[in-house]
Structure formats: structure tokens, C-alpha cells
Amino acid sequence: FELGRPAAMTKIGETRVRVVRTRGGNRKFRALRMDHGNFAWASESITFKTRILDVVYNASNNELVRTNTLVKGCIVQIDAHPFRSWYESHYAVPLGRKKGRALSEEDQKNLSKARSASAKRKVDARKKTCKVDPLLEEQFVTGRVYARVSSRPGQSGRCDGYILEGKELEFYRRKLRTKKGH
């Protein structure tokens, strides 16, 4: 019963998962490397599988940031493209575009594509409620958003989490700014 196994120390890289037999014949999935995960955008109630780009903050240990180790509760940067493309098709409003810069013809065509009358009414109704946190929109311009890992990659073999918004995003941006100051 005293079977202490070494930590998985999940890194960012081509997905590599090992199966570990545990008590009662059950199994754990040790993610040794992971480069994708399901991340939720809570305020929009959607989830997409997206690429994990970098580990930027870990409250427990800065060594885990330096070595790009994925653990529960760490703050990572993920690819914003799946969320941006969904938002633009759902609301027909540009997201994360630089102010004062004209949209390209392709982007303009995607936003104003042909829709049926009922679809136009739906989109127009949605446009009234589409509001994104300014700090989050600032991140969409760069193409990377901060997210928190809520699963345990070394136990479940998955790296899932949620996009940071509101007070939580402000808190971690402040932490990252003070860290860069040192």
C-alpha cells in the first residue's frame, strides 16, 4: 500500500501517455508530454481543443515554469484561433483586430457572408449581447490567451482547463508583471 510513484513531470511536446496499473486493477494515465487540451471559455459557454504554447506562471514553483512543466493550477498560454473564429462566425463581429486597421477582404467576406433572413435576425439579436472583457480582447490581438489548467495531467493523461477572465485574469496579469520586474 505504500507505493509512492515518481511524479510524471508532464512537459509540452508531442503527446506521450503511459498507462499505470493501480490498486484494484484500475488505471491511471501518465501524460509524459502533452501539447493539446480542451479549454473552456466560460462566459461564452464553449470549449475547444487547442494547442498549449507555453507555461507562464506557477504558484508553487518557478522551476516548473522554466522547464515548461504542466501541472494542475499552472497558468499557460494557449492558441486563441479556435475561439476567435467561433466568436466571429457566431456574432459576425471582428474580435482581436487592431484598432484603426481595416479588415482584409477575406475577413470582411467571412463576417458578411450570405445568410437567410432568420439567420440574420439571430445574428443581429446576438450582436446586442456580444461583449468581451477588454483585457481578454487585448490578448486576442496577440493570438494567445492565458488559461488555467484544471485537470491533473500526470493522473488523467489530459490537460484541460479554462480561459482566464475578469478578476482572475487581472490577478494573474499583475503577478506576471511583478515577476518580469525582478
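Among contacts in the chain between residues at least 6 apart in sequence, what percentage join residues at least 24 apart? The figure is 57%.

## Overall build

This is a predicted model. The chain has 182 residues, and 37% of them are buried. Its secondary structure consists of seven helices and nine strands.

Along its principal axes, the C-alpha trace spans about 65 × 45 × 25 Å.

## Surface and charge

The side chains include 40 positive and 19 negative ones. The centres of these two sets lie 5 Å apart.

## Glu44

Where does Glu44 sit? Its place is in the loop between β4 and β5. Strand β4 covers residues 36–41, and β5 covers 46–57.

Glu44 is buried, yet it has no salt bridge. The nearest side chain of opposite charge belongs to Arg126, 8.8 Å away. A salt bridge would need a side-chain nitrogen of Lys or Arg within 4 Å of a carboxyl oxygen.

## Partners of Glu44

Which residues does Glu44 touch, leaving aside those up to four places away in sequence? They are Trp86, Tyr87 and Tyr91.

Tyr91 also takes part in a polar contact with Glu44. Their side chains are joined at 2.7 Å. In this model, then, buried Glu44 lacks a salt bridge but has a polar contact with the side chain of Tyr91.

Note on methods. Residues are numbered from 1 along each chain as its sequence is written. This is a predicted model: local features need pLDDT of at least 70, side-chain atom pairs count only at pLDDT 80 or more; totals for chains, interfaces and linings use all residues. Side-chain values use heavy atoms; hydrogens and water are left out. Helices (H or I, at least four residues) and strands (E, at least two) are DSSP runs, numbered from the N terminus. Buried means under 20% relative accessible area, exposed over 50%, partly exposed in between (1.4 Å probe, protein chains only). Contact means heavy atoms within 4.5 Å. Lys and Arg count as positive and Asp and Glu as negative; His and the chain ends are not counted. The place of a charge is taken as NZ of Lys, CZ of Arg, CG of Asp or CD of Glu. A polar contact is a pair of N or O atoms within 3.5 Å; within protein, one must be able to donate a hydrogen and the other to accept it, and residues adjacent in sequence count only if both atoms are side-chain atoms.
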